[in-house]
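Subject: Structure handover

Dear colleague,

Here is the structure I said I would pass on. Please open it alongside this message, as the notes refer to residues by number and chain.

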Amino acid sequence: MISGRAHALRITVWLVVASEGLLFAGLFALYAGYRAEYPRGFAEGVGLAVGWLGGTNTLVLLTSSFAMAAAIQAGPRAARRWLVGVLGLGGVFLGLKGAEWAIHIGDGLVPGAHYAGPHTPGTALFVTLYYAMTGLHALHLVAGLAMVAWARRREDPAVTECVGIYWHFVDLVWVVLWPLFYLLS
Amino acid sequence: MTRLAITYALLMALALASWLVVPAGYALPIAAVKAGLIVAVFMDLARAHPVPRIAALVALLLFALLCAGTYADVATR
């Protein structure tokens, strides 16, 4: 009975992750289409990124994914300690992301009428996509943190495993976002 | 745990390489490799039940279809 419940939970979370993946896929396609139309503007947009914050956040999130995978393999008591690590690293990611947004907002890189960045065609669009896609990712991360906190309280291996699948998905999305907004100049 | 630690070390090495060493043009292929490692090892899709594997495969196929449609649009402008 318990394994049947675990199986149902696992399939449910995979279906959720697959549909969430398609949400991001639409945004990636949008990015690709506009990047093809405005290659110079997008390259200039990538040049505006705070590279060390994006790189550090990548390492932080990969480490949190490892901690989550370790929590799933560990027993319930050890899993609680690993999950504290996941919560801490998730918090660090959000803190750095907030600092990065504050820097951009201070530089006038905001979407809409108050945009004060470079006027190369496409750069303002890049900035809008940057906030939309990294913001949506951050929202998923906040939801993931809530789930991790819940899994830590439940001490149920099936719940921890399902929350882990979701957490890895959030990491996966960032792995693709990082080159698009920080590396491909 | 050894399998996880090796995967983690590989992921970190790939991330550092695409950040500091490798030309930017390789960043997306490296990201694809990292994504594959996360899905196969951390998410354990390689050993999962067929239903999640089918769900992931369908999502991947739809994503590929979306990419192909976008490419077709851009290439024929």
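Predicted model: local features only at pLDDT ≥ 70, side-chain atom pairs only at ≥ 80, totals over all residues.

Chain A

Chain A is helical, with 6 helices and 0 strands, and its order along the sequence is α-α-α-α-α-α. The C-alpha trace of chain A extends over about 60 × 30 × 25 Å along its principal axes. Chain A has 185 residues, and 52% of them count as buried. Among contacts in chain A with a separation of 6 or more, 79% are between residues 24 or more positions apart. The accessible surface of chain A is about 7600 Å², and carbon and sulfur atoms hold 68% of that area.

Chain B

For chain B, the domain assignment gives domain 1 as 1–42 and domain 2 as 48–77. The centres of these two domains of chain B, taken over C-alpha atoms, are 22 Å apart.

Largest pocket

The largest pocket holds about 910 Å³ of space. Its lining is made of 32 residues, and those closest to the centre are L172(A), V176(A), A35(B), L60(B) and F63(B). Four helices each supply at least two residues of this lining: α1 (2–37) and α6 (157–183) from chain A, and α2 (27–42) and α3 (50–75) from chain B. Of the contributors to the largest pocket, α1(A) gives the most, with 12 residues. By class, the lining of the largest pocket has 29 nonpolar residues, 1 polar and 2 charged.

Second largest pocket

The volume of the second largest pocket is about 280 Å³. It has 18 lining residues, with I72(A), E161(A), F42(B), M43(B) and D44(B) nearest its centre. Two or more lining residues come from each of α1, α3 (51–73) and α6 of chain A, and from each of α1 (2–21) and α2 of chain B. Here α6(A) has the largest share of the lining, at 4 residues. The lining of the second largest pocket divides into 9 nonpolar, 4 polar and 5 charged residues.

Cavity

The structure contains 1 cavity of 30 Å³ or more. The volume of the largest cavity is about 80 Å³. The residues that line it are G45(A), L48(A), A49(A), H104(A), L109(A), F126(A), V127(A), Y130(A), Y131(A) and F181(A). Helix α5 of chain A, residues 123–154, gives the most to this lining, with 4 residues. The lining of the largest cavity has 8 nonpolar and 2 polar residues, and no charged ones.

Most residues other than glycine have a negative phi. Which places in the loops are worth a look on that account?

E155(A) is not a glycine, yet its phi is positive, near 55°. E155(A) sits in the loop between α5 and α6 of chain A. Its relative accessibility is 37%, so E155(A) counts as partly exposed.

D44(B) also has a positive phi, of about 60°, and is not a glycine. The loop that holds D44(B) runs between α2 and α3 of chain B. D44(B) has a relative accessible area of 28% and is therefore partly exposed. As noted above, D44(B) is among the residues nearest the centre of the second largest pocket.

A158(A)

A158(A) belongs to helix α6 of chain A. Is A158(A) buried or exposed? Its relative accessible area is 11%, which is under the 20% limit, so A158(A) is buried. Leaving out neighbours within four places in sequence, the residues in contact with A158(A) are R5(A), A6(A) and L9(A). T123(A) is 35 residues from A158(A) along the chain, and the C-alpha atoms of the two are separated by 45 Å.

Regards

How values were computed: Residues numbered from 1 in each chain as written. Chains lettered and ligands numbered in written order. Heavy atoms only, no water. 1 Å grid on protein atoms, 1.4 Å probe; cavity = no way out; pocket = protein on both sides within 12 Å on 5 of 7 lines; lining within 4 Å. Points joined across faces, edges and corners; volume = space filled by probe spheres on them. Nonpolar A, V, L, I, M, F, W, Y, C, P; charged D, E, K, R; others polar. Buried < 20%, exposed > 50% of the residue type's maximum accessible area, 1.4 Å probe, protein only. Contact = heavy atoms within 4.5 Å. Areas by Shrake-Rupley, 256 points an atom, 1.4 Å probe, with all protein chains shown as cover. Domains from an automatic or database assignment.
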